[in-house]
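Please keep the sequence and the structure in view while reading.

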Amino acid sequence: MGFIGRQQEYDGPSAYLLSLLLAAARNELITSAIYSQLVKSADIERIPGLLGLSQMACSEDRDHYHGIVECIDRFKAGQDSHSTHATVLGSWQLGSQKLENLLRVLRQMEASSVKAYREICQITLGCDYRIFDLSYRNLNNNMEHQSKVDDILTKGLLHSLTLAREGCSNDFVEGYMA
Ligand SMILES: [Fe+2]
C-alpha cells in the first residue's frame, strides 16, 4: 500500500478527520442501500456475479457503516450522538433508477470510499490503531467491491449485449443498443 511508512503528524481527532469519517459513513450507508435494492431486483440474476456481490457487499458495507459511526460517536463524546445517522445521510434518497445507473453510482461511491479510507489510514497510521485497523479493513473490502462492480460493468455489459443481439431484451443494455 502506498501509504505504509508515510506517518504524518497526528494531534488527535481533527475536523478534517471527522469530515472524512462522515463521508465514508455516508458512502457506506448509501452503497449498502443500493446493494439491498439490487438483491430485490427482478433483473439481478441476468447479470453474472451481481447477486453474490450484492448480498456480500450489502452486509459488509452495513457493518462498515456501524463501525465508522461508532468512531464518530466517540469523537463526539459529550455531545448529542443521536444525530449522527441524520447527519450522515443528509437529504439523500435512492429513488427508482435503472440497474445500469445504480451500478454506475455504486462504482463512483465505492471509489469515493476507497479514497476516503486511504486518507484516514494515512492520518491515523501509528497514531490511532482502532481507526486505522477499521479503515484498513474497510479499504480492502471496498477495493474488492469496486473491482467487482467494474467487472460487472464491463464483462456483465458485454454478456448482456450478447443476449440482446441474440434477441433477449434486457434493461441493462437500454441506451446502448439504441
Ligand atoms: Fe462497499
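Two residues are in contact if their C-beta atoms, placed from the backbone, lie within 7 Å. Among contacts in the protein chain between residues at least 6 apart in sequence, 74% join residues at least 24 apart. The model is predicted: local features need pLDDT of at least 70, side-chain atom pairs count only at pLDDT 80 or more, and totals for chains, interfaces and linings use all residues. Residues are numbered from 1 along each chain as its sequence is written.

The protein chain has five helices and zero strands, where helices (H or I, at least four residues) and strands (E, at least two) are DSSP runs, numbered from the N terminus. Read from the N terminus, the order of elements is α-α-α-α-α. Of the 178 residues in the protein chain, 33% are buried; a residue is buried if 20 or more other C-beta atoms lie within 10 Å of its own, exposed if 12 or fewer, and partly exposed in between, with C-beta atoms placed from the backbone.

Consider next helix α1 (residues 15–39) and helix α4 (residues 99–124), whose axes come within 9 Å and cross at roughly 150°. Axes here are lines fitted to C-alpha atoms, for helices over the stretch in contact, and angles run from 0 to 180 degrees between N-to-C directions. Because of this angle, α1 is roughly antiparallel to α4, a term for angles over 145 degrees. On the α1 side, the contact includes Leu17, Leu20, Ala24, Glu28 and Ile34; on the α4 side, Leu102, Val105, Met109, Ala116 and Ile123 are among the residues involved. The residues of this contact comprise 16 nonpolar, five polar and three charged. In this classification Ala, Val, Leu, Ile, Met, Phe, Trp, Tyr, Cys and Pro count as nonpolar, Asp, Glu, Lys and Arg as charged, and the others, Gly among them, as polar.

Helix α4 has 26 residues and spans 37 Å from its first C-alpha to its last, close to the 38 Å expected at 1.5 Å a residue; the expected span is 1.5 Å times one less than the number of residues. Just after α4, Gly126 takes a positive phi of about 75°.

Helix α2 (residues 50–75) contains Glu60. Is this Glu60 buried or exposed? Glu60 is buried, because 20 other C-beta atoms lie within 10 Å. The buried residues of α2 also include Asp61, His64 and Tyr65. Glu60 and Glu28 are 32 residues apart in sequence and 8.9 Å apart in space, C-alpha to C-alpha.

Note on methods
Angles under 35 degrees count as roughly parallel, over 145 as roughly antiparallel, 65 to 115 as roughly perpendicular and the rest as oblique.
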